[in-house]
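Biologist: I am new to reading structures like this one. Please take me through a few features and say how each is read.

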Amino acid sequence: MSGPRRHWSDTTPLLSPQHYRHRGGSASAFSDRGSFSLSGRGASASLEMAAAAVPAVPTRSVLLGVDVGTGSARAGRLFDEDGKLLGSASSPIQIWKDGDCIEQSSTDIWLAICAAVKAACSLANVAGEEVVGLGFAATCSLVAVDGDGSPVTVSLSGDSRRNIIVWMDHRAVKQAEKINSSSSPVLQYCGGSLSPEMQPPKLLWVKENLQESWTMAFRWMDLSDWLAYRATGDDTRSLCTTVCKWTYLGHAHMQQVKEKDSRNMEACGWDDDFWEEIGLGDLIDGHHAKIGRSVAFPGHPLGSGLTPDAAKELGLRAGTPVGTSLIDAHAGGVGVMESVAVPDPEAKECDKEAICHRLVLVCGTSTCHMAVSHSKLFVPGVWGPFWSAMVPEYWLTEGGQSATGALLDYIIENHVASPRLANRAASQNISIFELLNKILESMVQDLNSPFVAALTEDIHVLPDFHGNRSPIADPKAKGVVCGLTLDTSEKQLALLYLATVQGIAYGTRHIVEHCNAHGHRIDTLLACGGLVKNPLFLQEHADIVGCSIVLPRESESVLLGAAILGAVASKKYSSLSDAMKALNAAGQVIHPAKDPKVKKYHDAKYRIFRELYEQQLSHRSIMAQALA
């Protein structure tokens, strides 16, 4: 091994001077991660662009944002003061599922992005030379490539195309348990334990199960970092990806925030003892060459911009600035966090404090809960604190629910009434959610219910069908539906759908209460993603959490966040924070119901929600004793 061994702790100095698609009746009609199809070519890629008219300049300035989600690869918009939409296009990507193993192909994703970019430019009559900046956002999926950049399989099938372990893949549960049994201080910056959705457990799984692939792999990268690398040839990793998913300690760079100090930052935040302790000490070799020798703040310009080859493939100009990437949920945070009423320009200190009272919900296949603070706050079971992983110079706390849009898809599509309901929705040219919401409204009238939420007094859902990410951090948690009957009608499906939406919202309330109990002061929610197009989803969250929900003026907040990276890289704005304040804007605000009976009702159901997990633990213990 080369390079010094490092072991960081809370007392160790860390500073270094060098250093949906709408699928008819599916839940994807409200999911900004696109369709949740886990086999075949059911996902889609879409591109949207807009142009800024610059006075006295003959050509337009177009900023391009690329977002690769769970079920779709989408490329861009131009976002400036006007945010005018010029065109859109789509292209499919492939995803495989085999039990807990969920895989994708980096080659397939890149081709989809290239096709979408070219198609959108053609449809919008935008010349490649008009694109002045580009940013990438993607799921925190793990990519393996060899020394030539070719795919290295991560699949037990041996299929060389499958070189991506998708973020929601849970093959590495045992490896996560092994890592969490260690005493490494890095774990305190992950809520006390690593999730199987993070990269170290997945890397350990590959080493233990695919030794040939482990030997062949020359680079292990987060998907958004790989996209930026594929576009520029620059292997610099993002502080967002490395800190949030790889245990990198970003606060090693606290004195390098200013641009002149943030160039060519050596990756000095790796804890070498951690990697050796968990059996991955070979990743330290070559100054951590396989996992990242250098890092940069999101939006930092990479290399010399687009390489000639990448530019040709994308139909853009060689040298176009490309910003250091973001995870897709964090791009959503960047695209929405400042979407509030314009503050008093003289109250700058108040403005800096106000952002710490907000929680961003990025609602798609899963939901991510993003809050920031001036000081580091350790919240058990919630990821973080991550320094400058989203908003520069703020500590990020990241909660989440592993299946929300995906869970609604599952609940609806597996009900016997689903085909009939989907046909009715299609005949009315509305989404299945709009039809379900209409059914619930009619039931309120027919049953003389005091309010829509009261329809589910006998049905309770614990939404942990894919484990609990936050705040319990139990990947073995299971979903629960309490109150089933032999009724198979459309009305019964509507009630089950409503109870599931409520269960998801109770999970968000649990996260908010838990964060506030450990130092946060969250009193406002900002929401983006496909699910926020569903008014029932939003109102139930506002009523259950007890906070107003601010929607951004720009609905495609993840793409906006990605485009902001390109804006910063192209020097249109001097910093990520400045770009956020300039391009974020508030739209509709949803307020909690004023009726005290609604609060009383949800308080009662929330108590049952919490009891469902406690009962599950009791049942788990009883069965473990029986099998001992």
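This is a predicted model: local features need pLDDT of at least 70, side-chain atom pairs count only at pLDDT 80 or more; totals for chains, interfaces and linings use all residues.

Biologist: In which sense do S11 and S13 pair, and over how many bridges?

Modeller: S11 and S13 (residues 294–296) pair in the parallel sense, over 2 bridges.

Biologist: What should I know about strand faces before I look at S18?

Modeller: In a regular strand, side chains alternate between the two faces of the sheet. In S18, Trp-395, Thr-397, Gly-399 and Gln-401 lie on one side, while Leu-396, Glu-398 and Gly-400 lie on the other, and all of these are buried, so both faces are covered. A residue counts as buried when its relative accessible area is under 20%.

Biologist: Why is S18 described as largely enclosed?

Modeller: Because 7 of the 7 residues of S18 (residues 395–401) are buried, the strand is largely enclosed by the rest of the structure.

Biologist: Which strands are joined to S18 by bridges?

Modeller: S16 (residues 367–373) is joined to S18 by 7 bridges, and the two run antiparallel. S17 (residues 383–387) also runs antiparallel to S18, joined by 3 bridges. Leu-396 of S18 is the bridge partner of Val-372, and Leu-396 is likewise the bridge partner of Phe-386.

Biologist: Now a helix. How many residues of H3 are buried?

Modeller: An α-helix has 3.6 residues a turn, so residues three or four places apart point the same way. In H3 (residues 199–209), 8 of the 11 residues are buried, so the helix is largely enclosed by the rest of the structure. The buried residues are Gln-199, Pro-200, Pro-201, Lys-202, Leu-203, Leu-204, Trp-205 and Val-206.

Biologist: How is empty space inside a model found?

Modeller: Rolling a probe the size of a water molecule over the atoms shows where empty space is left. Here, the largest cavity has a volume of about 180 Å³. It is lined by 21 residues, and those closest to its centre are Trp-167, Asp-328, Ala-329, Ser-366 and Cys-368.

Biologist: Which element gives the largest share of that lining, and what classes of residue are in the lining of the largest cavity?

Modeller: H10 gives the largest share, 3 residues. H10 (328–336) and S15 (358–363) each supply at least two residues of the lining. By class, the lining of the largest cavity has 8 nonpolar, 6 polar and 7 charged residues.

Biologist: What lines the second largest cavity?

Modeller: The second largest cavity holds about 40 Å³ of space. Its lining is made of Ile-459, His-460, Val-461, Ala-499, Gln-502, Gly-503, Tyr-506, Lys-605 and Phe-609. Two or more of the lining residues come from each of S19 (460–462), H15 (490–517) and H19 (596–627). H15 provides the largest share, 4 residues. By class, the lining of the second largest cavity has 5 nonpolar, 3 polar and 1 charged residues.

Biologist: Finally, how many helices and strands are in the chain?

Modeller: The chain has 19 helices and 23 strands. Of its 628 residues, 62% are buried. The chain exposes about 23500 Å², and carbon and sulfur atoms supply 52% of that area.

Conventions: Residues are numbered from 1 along each chain as its sequence is written. Side-chain values use heavy atoms; hydrogens and water are left out. Two strands pair if DSSP finds at least two bridges between them. On a 1 Å grid over the protein atoms alone, a cavity is a set of points where a 1.4 Å probe fits but cannot get out, and a pocket is an open set with protein on both sides within 12 Å along at least five of seven lines; lining residues have an atom within 4 Å of a point. Grid points are joined across faces, edges and corners, and a volume is the space filled by probe spheres set on the points. Ala, Val, Leu, Ile, Met, Phe, Trp, Tyr, Cys and Pro count as nonpolar, Asp, Glu, Lys and Arg as charged, and the others, Gly among them, as polar. Buried means under 20% relative accessible area, exposed over 50%, partly exposed in between (1.4 Å probe, protein chains only). Accessible areas come from the Shrake-Rupley method with a 1.4 Å probe; for residues, only the protein chains shown count as cover.
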